[in-house]
Structure formats: C-alpha cells, structure tokens
Amino acid sequence: MLDIIRRHPLGFFLAVLMHLALVALMIFGLDWINPPKVQQPMGHVVQARLVDTEQLAREKQAKLAEEKRQLLEKRKQEEKKKLEQQRREAERKKQAEIKKRQEQKKKQEAEKKRKEEQRKKAEAEKRRKLALEKKERERKKKQELERKRKLEEKKRKEEEARRKAEEKKKAEAKKKAEQERRKKAEAERKRKAEAKRKAEQKAREEELQAQWAAERDARERASVTAAIKRKVQNSWLRPPTAANADLQATVRVRLNDSGSVLLVQVLKSSGNSAFDRSVVAAVNKADPLPMPKSPTLLSEFRDFTFIFRPSK
C-alpha cells in the first residue's frame with residue numbers, strides 16, 4: 001500500500017479529496033432544511049492533516065544531498081590536512097637528512113684528519129725504529145766478529161786437546177761398544193723369552209675366555225630356549241581335535257632385537273592342521289618372547305627353530 005502511495009502520490013491525493021466530498025454531501029445535503037441537532041461526538045476527535053509525499057521526498061533528498069556535500073567537504077578538509085601533515089613530515093625528514101649528511105661529512109673530515117695524523121706519526125715512528133735497528137745491527141755485527149775471533153782461538157786449542165784425547169777415547173769406545181753389544185744381546189734374548197712367555201699366557205687366557213664364553217652362551221641359550229618354550233606353552237590352548245593325541249610341530253620364529261614376533265612358520269607339520277594353527281597362535285600370543293643378553297646370541301635368536309611338544 002505504501003509503495004503504491006509513493007509511486008502515485010497525486011492520484012492518492014485526488015482519491016482522498018473525492019471521498020471527503022462524498023462524505024460531506026451525505027452529511028449536509030440530505031436534510032439541509034431541517035438540520036438535525038448536533039450531537040456531541042462520543043470519544044475523542046481525531047484531526048487529520050494531508051501530507052505532501054513528493055515534498056517530503058524532495059526535502060529528504062535535499063537533506064541527504066546536504067549531508068553528502070558536508071561529508072565530502074569534511075573528507076576534503078581531512079585529506080587536505082593529511083597532505084599538509086605529510087608535506088610537513090617530508091620537509092622535516094628532508095631537513096633531518098640534510099643535517100645528518102652534514103654531520104657525516106664533518107665526521108668523515110675529522111676521521112680523515114685523524115688518520116693523516118696517525119699516518120705521519122707512524123712514519124716518524126718507523127724512521128726512528130729503522131735508525132735504532134741499524135745501530136743495533138752494527139753493534140751486533142761487531143760483537144759477532146769478536147765472538148768468532150774468540151771462538152776460532154778456542155777451537156784451535158780444543159782441537160789440539162781433542163786430537164790428543166781421541167786415541168784414548170777410541171780405545172775406550174771400542175771396549176765400551178763390545179760391552180754394550182753383549183749387554184744388548186743379553187737384553188734381546190731376555191726380551192724374546194719374555195715376549196714368548198706373555199704370548200703363551202695370552203693364548204691360554206684367550207682360550208679360557210673363549211671356553212668360558214661358550215659355556216656361558218650355552219647356559220644362556222638353554223635358559224632362553226626353555227623360557228620361550230615355557231611362555232609359548234603357557235599361551236597355548238589345546239584344540240579339541242588334539243585332545244588325546246601326542247603331537248609335535250617344528251616351528252620357525254623370526255624376532256626383532258626386543259623379542260617382538262615378526263614371523264611364525266610351521267616347518268614340519270604335526271599332521272593335525274588345528275594343532276599347527278594353535279601353535280602359531282600361541283607364539284603370537286606369547287609376544288614378546290624372551291631374548292638373550294649376550295650380543296653373540298642375539299643374531300641366533302632373531303631367526304630360530306624349535307620343536308613344540310605340549311606337556312601332558
């Protein structure tokens with residue numbers, strides 16, 4: 001209804017006027033000679049006022065246009081203010097950059113001056129050290145010449161003394177060399193005898209160690225094998241078809257280092273398939289199986305076979 005009024009405001013207005021005219025004619029035109037007594041209206045009187053919807057729409061559009069214009073004006077002012085702030089910030093950064101470059105240039109010039117002064121001081125120090133080194137070399141050269149002269153004199157005297165003592169020394173050295181040769185020969189003989197004794201002792205110890213290790217491994221092998229069979233036996237459930245039969249099956253088992261079962265395979269059947277399946281199930285149920293502590297037995301128990309014969 002409201003949508004129709006908005007689209008046809010003039011027609012709605014004319015229709016309202018026509019209805020009001022008809023109502024007035026009915027009220028005042030039927031008995032205008034003997035007008036009826038005016039009765040006081042019951043209840044409240046409602047005063048109606050016609051509304052020009054086109055005028056309201058125009059006012060609303062004008063208001064919206066004004067608000068839009070004010071909003072655009074506000075945005076322009078804010079944009080102008082923002083641009084002004086950006087310009088001021090750019091100018092401030094520019095001045096700061098100029099000042100920074102001037103300070104850097106000043107520091108570079110001061111550093112250049114300082115390095116130049118250091119270079120001059122270093123050159124002066126270098127010349128002073130070269131002069132001192134030259135003087136020191138000349139002093140050492142004189143000392144070396146004097147030392148060589150004295151050394152030559154000393155060598156001449158020592159050569160004479162050495163020549164006289166050489167013959168005596170050679171005789172003593174020959175005698176001492178003979179004694180040393182005999183001493184070394186005796187020491188070599190003793191060393192070889194001691195080495196032979198130690199080698200024989202080591203061989204005996206290694207033999208005993210190997211024997212002990214073999215016995216230990218045999219005991220552990222038997223213990224682990226018995227523990228495995230016992231655990232499998234405790235996990236085994238006798239099938240009904242093998243209730244009274246004396247059966248046995250050869251089983252291959254593969255384990256990892258922790259004893260977890262990787263493979264169970266019946267190598268030699270008992271002849272009773274239900275019994276064979278019960279043995280495989282018992283091995284899997286007993287997982288993990290006991291493993292030896294000896295490193296030499298670990299590889300042996302990673303893949304082994306055993307005969308499962310249930311106890312009575």
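Good morning. The model is predicted, so local features are taken only at pLDDT of at least 70 and side-chain atom pairs only at pLDDT 80 or more, whereas totals for chains, interfaces and linings use all residues. Residues are numbered from 1 along each chain as its sequence is written, and side-chain values use heavy atoms, with hydrogens and water left out.

I begin with the nonpolar core. By this I mean a set of buried Ala, Val, Leu, Ile, Met, Phe, Trp, Tyr and Cys residues joined through side-chain atoms within 4.5 Å. Buried denotes under 20% relative accessible area, exposed over 50%, and partly exposed the range in between, with a 1.4 Å probe and protein chains only. The largest such core has 25 residues, and those with the most contacts inside it are V232, V253, F275, V283, L289 and F306. Two or more residues come from each of helix 3, strand 1 (249–255), strand 2 (261–268), helix 4 (273–285), helix 5 (295–302) and strand 3 (303–308). These elements are DSSP runs numbered from the N terminus: helices are H or I with at least four residues, strands are E with at least two.

What does V283 touch, leaving aside its neighbours within four places in sequence? V283 is in contact with V232, V253, V261, V264, L289 and F306, contact meaning heavy atoms within 4.5 Å.

I turn to the aromatic residues. Rings of Phe, Tyr and Trp, the last by its six-membered ring, pair if their centres lie within 6.5 Å; planes under 30 degrees apart count as stacked, over 60 as edge-to-face, and the rest as tilted. Five aromatic pairs are present in the structure. In one of them, the ring centres of W236 and F275 are 5.8 Å apart and the planes stand at 70°, so the pair is edge-to-face. This pair links distant parts of the chain, 39 residues apart: W236 is in the loop between helix 3 and strand 1, and F275 is in helix 4. W236 and F308 also form an edge-to-face pair, with 5.5 Å centre to centre and 65° between the planes. Here the link spans 72 residues, from W236 in that loop to F308 in strand 3. W236, F275 and F308 form one aromatic cluster. W236 has a relative accessible area of 8% and is therefore buried; F308 is buried as well, at 2%. F275 is likewise buried.

Next, the charged side chains. Side chains of opposite charge can pair when their charged atoms come close. A salt bridge is counted where a side-chain nitrogen of Lys or Arg lies within 4 Å of a carboxyl oxygen of Asp or Glu. The structure holds 27 of these salt bridges.

Two examples lie within helix 3. E186 and R189 are joined by a salt bridge of 2.5 Å, N to O; the two residues are three apart in helix 3, about one turn of the helix. E186 is partly exposed at 34% relative accessibility, and R189 is partly exposed at 48%. E158 and K154 form a salt bridge of 3.8 Å, N to O, and are four residues apart in helix 3. E158, at 37% relative accessibility, is partly exposed.

Which parts of the chain does the salt bridge between R252 and D303 tie together? In this bridge the closest N and O atoms are 2.7 Å apart. R252 lies in strand 1 and D303 in strand 3, so the pair ties together parts 51 residues apart in sequence. R252 is partly exposed at 24%, and D303 is partly exposed at 36%. Salt bridges that share partners also join E84, R87 and R88 into one network.

A contrasting case is E220, located in helix 3 (residues 53–235). E220 is buried yet has no salt bridge, and R216, the nearest side chain of opposite charge, is 5.2 Å away. Charge is assigned as positive for Lys and Arg and negative for Asp and Glu, with His and the chain ends not counted. What does the side chain of E220 reach? The side chain of E220 reaches the backbone nitrogen of S294 at 3.4 Å. Leaving aside neighbours within four places in sequence, E220 is in contact with P292, K293, S294 and L297.

I close with a distance along the chain. Q61 is found in helix 3 and is exposed, with a relative accessible area of 55%. The C-alpha atoms of Q61 and A214, 153 residues apart along the chain, are separated by 110 Å.

Key: Polar contact = N/O pair within 3.5 Å; in protein donor to acceptor, adjacent residues only side chain to side chain.
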